[in-house]
Amino acid sequence: MKVRQIVLGLLSITVIAPIFLYTDKVGTFVNPSSSRHDFLDDVGAFTVSGDNTRHLNVLQHQEASTLKEPIGVVYSDQSTDPFPKVTVEHKSARVLSATNEDRQQQLSNPIRQVVDRAPPNLTTALDSHPNASGISAVKLEKQSTQPLHKIDPKEHSDNKRDRQTEPPDAQVRRLKDQLIRAKVYLSLPSIKNNPHVTRELRLRVKEVTRALGDATKDTDLPKIALDKMKAMEQSLEKAKQVQDDCAAVIKKLRAMLHSSEDQLRVHKKQTMFLTQLTAKTLPKGLHCLPLRLTTEYYSLNSSQHNFPNQHKLEDPRLYHYALFSDNILAAAVVVNSTVAHAKHPSNHVFHIVTDRLNYAAMRMWFLGNPPGKATIQVQNIEEFTWLNASYSPVLKQLGSPSMIDYYFRAHRANSDQNLKFRNPKYMSILNHLRFYLPEIFPKLNKVLFLDDDIVVQKDLTGLWSLDLKGDVNGAVETCGESFHRFDRYLNFSNPLISKNFDPHACGWAYGMNVFDLDEWRRQNITEVYHQWQRLNRNRQLWKLGTLPPGLITFWKRTYSLNKSWHVLGLGYNPNVNQREIEEAAVVHYNGNLKPWLEIAIPKYKNYWAKYVDYDVMYLRECNINP
């Protein structure tokens, strides 16, 4: 009789329950607003005959995108119980799927909610069934957890936000941290005395190192990296159990930190030296170019050496530019970019001054590549006979034994440690020629000075119509950053400096400056420059360069231009505001990372390169490519 009741009870479950499940599902589709739309797909435990708890394994309802293989349980042949217990610990069961056990435990017994959600009439029918005694023991408990297929929108958005805010190299950093921890453990005596842990850690170090490779972000890591990370973490946990002395670990980490700091200082010093060396070393292509051009220049007839429109060179009504450079390609970019944005190129005159070595090559370049309708003049600095040591204090200083000793015996202990002050350009008179503009252009009243590491992006003719209000120099101030103030360039411990200048005064930039030559002559600015150069013969007021004497010479004689005229930093700062670059009339590659060098900042290089015609025969012959 008891067996019969059990069979009838099972029959009721297998017949009536599917009807209920189907009815409830249909009701959900018919009435979407019904309270039963949250139908639970999970199935839980029930009891038969009051005391024996049995479990049903059913497939969990999953979305198609996350469909997993169901859990399969194989029972042993010796099992005689018609309702064997299905548990994770059952010794005769074999798990066929890797479904997450933690989630199963949290979502266990979902069938307990079935009756709670059943219609009252179906519950009554079940209670009044003739064999109700066989199923009256079914206990359905209300489950507090949500179904597996339901995801809390807030939790989902929080997880998504966490993944988005996670740095792109998070896994790379974890792998590197694991390597450091493993090396610390391997250096401790307690780990060394444990051959098994030592061998395992060394193996993990090799695996993680191989997986890490040269990766700098998580997308560079191979697929096996995550597995190696997990294996390493397990090995580190074993080592942690062996080595429980925190003091020893801290001591080792402190020693590693000090060693890393020492190595960092050495590498920084080496990097600075190599960067300076690279920046001042002429690339092979740029060394080939002037040689090739010089050979071509002297093969021409003397009648072919002259530029057209030479009558415009002293016309004050035109727009005159001063460019002093020994870099042919850089000078070409300045001229090409200026002419490309000029509204009336025929009214623009470029005065280029170079040294004796590059004079023929510079002329040959612009003879073969004339800048449209603009006028070109190329001069040799050796032709300025008035510029000599008796007239210019800086020329006398550049040839002095102390200056030579400063440059060529920099290894001495008393030499300055800042390598940038030993830039060879400071030994070139071309760099100081900017202080002699009235002498170079005696018939002009205004001139625009341009460095050879700039690119022009807009028409500059508006600068000639600016009223400098009695000032001599029109320039963009650079006081937005603390290191561009006077105290960064001048020695305010010297009374001559501290009495005459404000240490917090704004500096300004060379590179694009409009000079009123009439005011220059009236205020005798060149003599002011000479006086301060004589006072600084021992380099006690400032080191070397042209900006410090420029700040002094044009003190209270500089008119501040709008910053959009001149944007700086493309030669050292990778974070210059992109909008400022796009809106600038002139962009300046001040710094060591010049655009014609391999060490140039890649994202800024195209602003310069687009004004170079790489199809020119001379560039191809010298292997100068984009």
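Student: How many aromatic pairs does the count come to?

Tutor: In this predicted model, the count comes to 23 aromatic pairs.

Student: Why is the pair of Trp 386 and Tyr 436 called tilted?

Tutor: The ring centres of Trp 386 and Tyr 436 are 6.0 Å apart, and rings pair if their centres lie within 6.5 Å. Their planes stand at 55°, and because planes under 30 degrees apart count as stacked and over 60 as edge-to-face, the rest being tilted, the pair is tilted.

Student: What parts does this pair tie together?

Tutor: Trp 386 lies in the loop between strand S5 and helix H15, and Tyr 436 in the loop between helix H16 and helix H17, so the pair ties together parts that are 50 residues apart in sequence.

Student: Which of these two counts as buried, and which as partly exposed?

Tutor: Buried means under 20% relative accessible area, exposed over 50%, and partly exposed in between. Tyr 436, at 0%, therefore counts as buried, whereas Trp 386, at 27%, counts as partly exposed.

Student: What makes the link of Cys 288 and Cys 622 a disulfide?

Tutor: The S to S distance is 2.1 Å, and the cut-off asks for cysteine sulfur atoms within 2.5 Å, so the link of Cys 288 and Cys 622 is a disulfide. The structure holds 1 disulfide. Cys 288 lies in helix H12 and Cys 622 in the segment after helix H24, so this pair ties together parts that are 334 residues apart in sequence.

Student: How do you know that Lys 594 and Asp 453 meet in a salt bridge?

Tutor: Their side chains come to 2.5 Å, N to O, and a salt bridge needs a side-chain nitrogen of Lys or Arg within 4 Å of a carboxyl oxygen of Asp or Glu, so the pair of Lys 594 and Asp 453 qualifies. The two residues are 141 residues apart, Lys 594 in the loop between strand S11 and helix H23, and Asp 453 in the loop between strand S6 and strand S7.

Student: Are Lys 594 and Asp 453 buried or exposed?

Tutor: Lys 594 has a relative accessible area of 14% and Asp 453 one of 6%; because buried means under 20%, Lys 594 is buried, and Asp 453 is buried too.

Technical notes. Residues numbered from 1 in each chain as written. Predicted model: local features only at pLDDT ≥ 70, side-chain atom pairs only at ≥ 80, totals over all residues. Heavy atoms only, no water. Helix = DSSP H or I, 4+ residues; strand = E, 2+ residues; numbered from the N terminus. Buried < 20%, exposed > 50% of the residue type's maximum accessible area, 1.4 Å probe, protein only.
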